[in-house]
Amino acid sequence: MKQKIKRLAALLLSLTLAVGLAAPAFAQSTEVVFKGQSEGVDLGQGSEYTATDLFGGLKNVMPGDTLTETIRLRSEAGDCDEVRLYLRARAHDEADNPLTYSEAHENADGKDQAGVAGARDETVATMQEFLAQLTLRIYSGDTLLYEATPDQTGALASYVPLATLARGESCTLRVELKVPAELDNRFANRVGEVDWVFLAEGITHAAPGGTLIQTGQWNWPVLVLGVAGLALVVCGIVLLRRRGKDHAQ
Amino acid sequence: MPNKAGPVLLAAGAALLTAALSLFFYNRWEDAQAGRTAGQLLAGVRSAAGQQEQAAESEAAAQSLPGELPVVEWQNYDCVGTLSIPALELELPVLAQWDYTRLKTAPCRQFGSSRTDDLVIAAHNYQSHFGRLNQLAAGDTVRFTDMDGVVNTYTVARVEVLAPDAVDAVQNSGCALVLYTCTKGGASRVAVFCQRAETAPSPAG
C-alpha cells in the first residue's frame with residue numbers, strides 16, 4: 001500500500017527535577033495529544049519551571065524516593081491516517097542547548113541558593129553532577145527503553161520508535177526516578193533539566209489506483225512524426241510526378 | 001487545387017520530418033545534458049560528503065529516524081547516495097525525493113530505504129540514466145552507497161515490464177531494491193528487482 005509520510009512535529013519537552021526538603025511528591029500523569037499537522041500538539045499546562053515541563057510529580061523529591069510518572073501520548077490527528085511517534089534525549093550544552101528552566105521560579109520557591117537575580121544557580125556542569133546521582137528508567141508499555149543516570153542520553157541518543165497510533169489510540173510512557181538515600185545536603189535545592197524530543201510522523205495511506213512515475217522521454221512522437229512526414233513527402237512526390245506526366249501529355 | 005496538392009503535401013511532410021528530427025536531436029541533447037548534470041552532481045556530492053564535520057555527522061545521526069537515510073545537500077539537491085551498475089558502466093547520484101524537475105537531473109528515491117530493504121529508485125529513460133536498464137540480467141550486480149559510506153550490494157533477481165499502474169508490484173515486491181524507468185515508448189515500465197547479495201552492508205573502504 002502506498003504511504004505518504006510527513007513529519008508533523010518535533011517537540012522539545014523537558015523533564016525538570018527539583019530536590020526539596022519537606023513537601024511530598026506524588027505520582028502523577030500527563031497527557032500529550034498530537035492533533036495533526038495543522039493543529040500541532042496539545043501539551044497540557046507544563047509547570048512553573050518550564051512551559052514544556054511534563055513532570056509535575058517530580059518536584060521536591062527526597063533522598064530515598066522512587067517516583068513514578070506516566071505520560072499518555074494520544075493521537076487525535078485528523079489530517080493523516082496514523083501518527084508514528086519517536087523519542088530521543090538531547091544533551092544540554094551551554095552553547096547549543098542551554099538550560100531553559102525559569103530562574104524566577106527557582107528564586108521564588110526557595111530553590112535559588114545564591115539569590116542573585118538574573119543568574120541561575122545551575123550550570124550545565126552542576127546540573128549534570130546532580131543528575132548523575134539519580135537513576136531514571138523509561139518504559140514504553142512494558143518495554144524498558146532507557147535505564148541510566150539522566151545526565152546521559154544513553155539508549156535515547158538516537159530516535160527510538162514508541163508506537164504507531166491511529167486516530168483515538170494512545171500509548172503510555174512510564175518514567176521512574178530513583179533518588180539514592182545517601183544523597184547528601186550538597187544536592188539540596190538542586191534543579192535538574194532533561195530534554196526529550198518527541199517526533200511525530202503523520203502517515204497517510206494513499207488510495208489505490210495510483211501510477212508509477214512517468215519517466216519517459218518523448219520518443220514516440222519522433223517515430224509518429226517521422227512516418228507521417230515521410231508518407232506526406234512520398235504522396236507529394238507521387239502527385240508532383242503525376243502532374244508532370246499530365247503536363248507532358 | 002489538385003495542382004497544388006503535391007507541393008502542399010511535400011511541404012507538410014517536410015515540416016513533420018523537420019519536427020521529428022528536431023525532437024530527436026532535442027532528446028539526444030537533453031539526454032547528454034542529464035548525463036553531464038548527474039556527473040557534476042555525483043562529484044559535488046562526493047566532495048560535500050567528504051567535507052562533513054564529525055560533529056555534524058553525529059548530530060545528524062541522532063536526529064535521523066531508524067531506517068532513514070542520511071542526506072547530503074549540494075547546490076540545493078538533497079542526495080541520499082550513489083548507485084553503481086557495473087554491467088552498464090553506470091554510476092549515478094540518487095536524490096532523496098522525486099519530482100519531474102529532479103528526475104531531469106538524476107535518479108530519485110521514490111519509496112523506502114536501503115536500511116529497511118525496501119528502496120525504490122526511479123529515473124528517466126535517458127541513455128545516461130536508466131535507459132539501458134532492460135539490458136540487465138539476473139545475477140548482475142548493483143551497488144547503492146549511502147551518504148554514510150555504507151555500501152549495499154545487490155544482485156539482480158529479475159527484470160520485468162510492468163503496467164504503469166503496478167505501484168504495488170514495485171512498492172511491496174519483497175525485494176530489497178527496485179529500479180525502474182519507462183520503456184522506450186513510455187507506455188510501460190521496465191523494472192529491475194534486486195535482492196541483497198550474500199555479503200552484509202559494509203563501510204566504504
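Start with chain A. Of its 249 residues, 32% count as buried. Buried means 20 or more other C-beta atoms within 10 Å of the residue's own, exposed means 12 or fewer, and partly exposed is in between; C-beta atoms are placed from the backbone. This is a predicted model: local features need pLDDT of at least 70 and side-chain atom pairs pLDDT 80 or more, while totals for chains, interfaces and linings use all residues. Residues are numbered from 1 along each chain as its sequence is written, with chains lettered from A and ligands numbered from 1 in the order written.

Now colour chain A by secondary structure. It has three helices and 11 strands. From the N terminus, the order is β-β-β-β-β-β-α-α-β-β-β-β-β-α. Helices (H or I, at least four residues) and strands (E, at least two) are DSSP runs, numbered from the N terminus.

Select A:L134. It sits in the loop between α2 (124–131) and β7 (135–140) of chain A. Is A:L134 buried or exposed? It is buried, because 23 other C-beta atoms lie within 10 Å. Beyond its neighbours within four places in sequence, A:L134 is in contact with A:T149, A:P150, A:L177, A:K178 and A:V179. Contact means C-beta atoms, placed from the backbone, within 7 Å. Across chain A, 80% of the contacts with a separation of 6 or more join residues 24 or more positions apart.

Next, select α3 of chain A, residues 220–248. This helix has 29 residues and reaches 42 Å from first C-alpha to last, close to the 42 Å expected at 1.5 Å a residue. The expected span is 1.5 Å times one less than the number of residues. Show A:L225, A:G229, A:L232 and A:G236: these are buried. An α-helix has 3.6 residues a turn, so residues three or four places apart point the same way.

Bring in chain B. The contact takes 42 residues from chain B and 34 residues from chain A. On chain B's side, α1(B) gives the most, with 17 residues.

Finish in two loops of chain B. B:E89 lies between β2 (77–85) and β3 (90–95). Its phi is positive, about 50°, although B:E89 is not a glycine. B:E89 is exposed, with 8 other C-beta atoms within 10 Å. B:D117 lies between β4 (108–111) and β5 (119–122). Phi of B:D117 is near 55°, again positive in a residue other than glycine. B:D117 counts as partly exposed, with 16 C-beta neighbours inside 10 Å.

Conventions
Contact = placed C-beta atoms within 7 Å.
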